[in-house]
Amino acid sequence: MIELRELTEDDKDQLIVHLNNQDVVRFLSSRIPTPYTEKDALWWINEGSKAEIVRAITFYDDFVGIIGVRRDILEKSHRGEIGYWLGQPFWGKGIATSAIEIMCQYIFNKTDIVQLYAPVFSSNEGSKKVLIKNGFKLEGTITKGIFKNGVYYDECIYCKNCS
């Protein structure tokens, strides 16, 4: 039902639809262009997603979102930052929880990364819940750690270690 796979150009149209939804991008990095264009989607599919461990999330074979891990560097190369998003029609169905579980298993079993962390906007309750369901623990909160669209947000840092 829920699988992770490489991105393909067939994902382009859904990437554009979902990443032009302000409710979806509200808690995502400002690195994601607005508006999100066909050129942006093709770059991400063919180049940007290749620099990290990035997978399409599928639900009954339909593209519904993205999950990825970016390895830290130098003395922190044993850990990685996990990030994910789902298209709004797929929220609240357990998809993100399952995708995170699958990605954590992959990372801890197939790489030498021993810790995953997720920086989360303090008001993103949905993301906090799916991380906690997957065994992530709140390590700390950075007051005004995020500044996006003219607003400061506290940043909650959740971590999970390889068992």
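The legends below describe close-up views of a predicted model. Local features need pLDDT of at least 70 and side-chain atom pairs count only at pLDDT 80 or more, while totals for chains, interfaces and linings use all residues. Residues are numbered from 1 along each chain as its sequence is written, and side-chain values use heavy atoms, with hydrogens and water left out.

**View 1. The largest nonpolar core and Ile-82.** A nonpolar core is a set of buried Ala, Val, Leu, Ile, Met, Phe, Trp, Tyr and Cys residues joined through side-chain atoms within 4.5 Å; buried means under 20% relative accessible area, exposed over 50%, and partly exposed in between (1.4 Å probe, protein chains only). The largest such core has 27 residues, of which Ile-82, Ile-100 and Leu-116 touch the most other members. At least two residues of this core come from each of β2 (53-59), β3 (62-71), β4 (79-86), α4 (95-110), β5 (115-121), α5 (125-133) and β7 (151-161). Helices (H or I, at least four residues) and strands (E, at least two) are DSSP runs, numbered from the N terminus. α4 gives the largest share of the core, 8 residues. Not counting residues up to four places away in sequence, Ile-82 touches Ile-67, Gly-68, Val-69, Ile-100, Met-103, Leu-116, Tyr-117, Ala-118 and Phe-136 (contact: heavy atoms within 4.5 Å). Another core, of 15 residues, lies apart from this one and includes Val-24, Val-25, Val-54 and Trp-85.

**View 2. Packing of α4 and α5.** The two axes come within 9 Å and cross at roughly 45°. Axes are lines fitted to C-alpha atoms, for helices over the stretch in contact, and angles run from 0 to 180 degrees between N-to-C directions. α4 is therefore oblique to α5 (under 35 degrees is roughly parallel, over 145 roughly antiparallel, 65 to 115 roughly perpendicular, the rest oblique). Ala-96, Thr-97 and Ile-100 of α4 meet Val-130, Leu-131 and Lys-133 of α5.

**View 3. Packing of α1 and α3.** Helix α1 (residues 12-19) packs against helix α3 (residues 38-46) at an angle of about 120°, with axes 9 Å apart. This makes α1 oblique to α3. From α1, Lys-12, Leu-15 and Ile-16 meet Glu-38, Ala-41, Leu-42, Trp-44 and Ile-45 in α3.

**View 4. Surroundings of Lys-137.** Lys-137 is in strand β6 (residues 137-148) and is exposed, with a relative accessible area of 56%. Leaving aside neighbours within four places in sequence, Lys-137 is in contact with Ile-157, Tyr-158 and Cys-159. Lys-137 and Lys-160 are 23 residues apart in sequence and 6.5 Å apart in space, C-alpha to C-alpha.
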